[in-house]
Amino acid sequence: MCGMDVDLDDGGSAEEEKEEEFWIGEGVKMLPPPVAHSGGSAWGSRRGRCGCVACGAALILWNLCVVLASALLLAVVFSVVLLPAGLLLYAGFLCHSRVLDAPSAICHYLDDNSCSALIILGFVMMSPLVVVAAAVFCGLLRKFRLLLFIQPIKRAWYRGRLLDWAGSIHAWV
């Protein structure tokens, strides 16, 4: 069969060929690009210079607020999860005779050996608790979808909804 063009197709219909043109590999479907909302480009017409600067400043302020909320959530989660280890370290360093030797009520029950044990236990507990705190924080980020609220600055260039996030996420490949 050298040099001969042979079509061994089973004779599929044109509809199957159209349907298969958006499928790539096993189970990955390419979505068609979005429909044009207005004139200019696929995303809409462009804003003027002043509108672009104003919308860009609003988007930057919005993104900073989202990052600030994420940082606040991070601080709350880590401080709550690491509280037991912090309390052990505080009590150990507070009552040890070579560190602070404070005249606190709890220090009457602790000698230097038990203070050293509290300090060691606090540092040993710190590593797994940091991992737990990071896992809790990542889980809350996914649950609340905080990172999806960050808007790209390119939104300031085009007319339309400035803060627009959809309930379902589609990717155009």
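Analyst: What follows takes the labels one by one, for a model that is predicted.

User: What makes cysteine 95 and cysteine 107 a disulfide?

Analyst: Their sulfur atoms are 2.0 Å apart. The cut-off is within 2.5 Å, so the pair counts as a disulfide. The structure holds one disulfide.

User: Why is this disulfide called left-handed?

Analyst: The torsion about the S-S bond of cysteine 95 and cysteine 107 is about -75°, so the disulfide is left-handed.

User: What does the pair tie together?

Analyst: Cysteine 95 lies in helix H3, cysteine 107 in the loop between H3 and H4. The pair therefore ties together parts that are twelve residues apart in sequence.

User: Why is cysteine 95 called buried?

Analyst: Its relative accessible area is 4%. Buried means under 20%, so cysteine 95 is buried.

User: And cysteine 107, buried or exposed?

Analyst: Cysteine 107 has 13% relative accessibility. That value is also under 20%, so cysteine 107 counts as buried.

User: What about cysteine 50?

Analyst: The closest cysteine sulfur to that of cysteine 50 is in cysteine 52, 9.9 Å away. That is too far for a bond. Cysteine 50 has 68% relative accessibility. Exposed means over 50%, so cysteine 50 counts as exposed.

User: How do you know that the span of helix H2 is close to the expected one?

Analyst: Helix H2 covers residues 49-81, 33 residues in all. From its first C-alpha to its last it reaches 48 Å. The expected value at 1.5 Å a residue is 48 Å.

User: Which residues of H2 are buried, and what do they pack against?

Analyst: Cys55, Gly56, Leu59, Asn63, Val66, Ser70, Leu73, Val77 and Val81 are buried in H2. The buried residues of H2 pack against helix H3 (83-95) and H4.

User: Which elements have the lowest and the highest mean pLDDT?

Analyst: Helix H1 (residues 14-20) has the lowest, 52, and helix H4 (residues 112-144) the highest, 95. Over residues 36-40 the pLDDT is below 50. Where pLDDT is low, the predicted coordinates should not be read in detail. The protein averages 78, and 66% of the residues score at least 70.

How values were computed:
Residues are numbered from 1 along each chain as its sequence is written. This is a predicted model: local features need pLDDT of at least 70, side-chain atom pairs count only at pLDDT 80 or more; totals for chains, interfaces and linings use all residues. Side-chain values use heavy atoms; hydrogens and water are left out. pLDDT is the predictor's confidence in each residue, from 0 to 100. Helices (H or I, at least four residues) and strands (E, at least two) are DSSP runs, numbered from the N terminus. Contact means heavy atoms within 4.5 Å. The expected span of a helix is 1.5 Å times one less than its number of residues. Buried means under 20% relative accessible area, exposed over 50%, partly exposed in between (1.4 Å probe, protein chains only).
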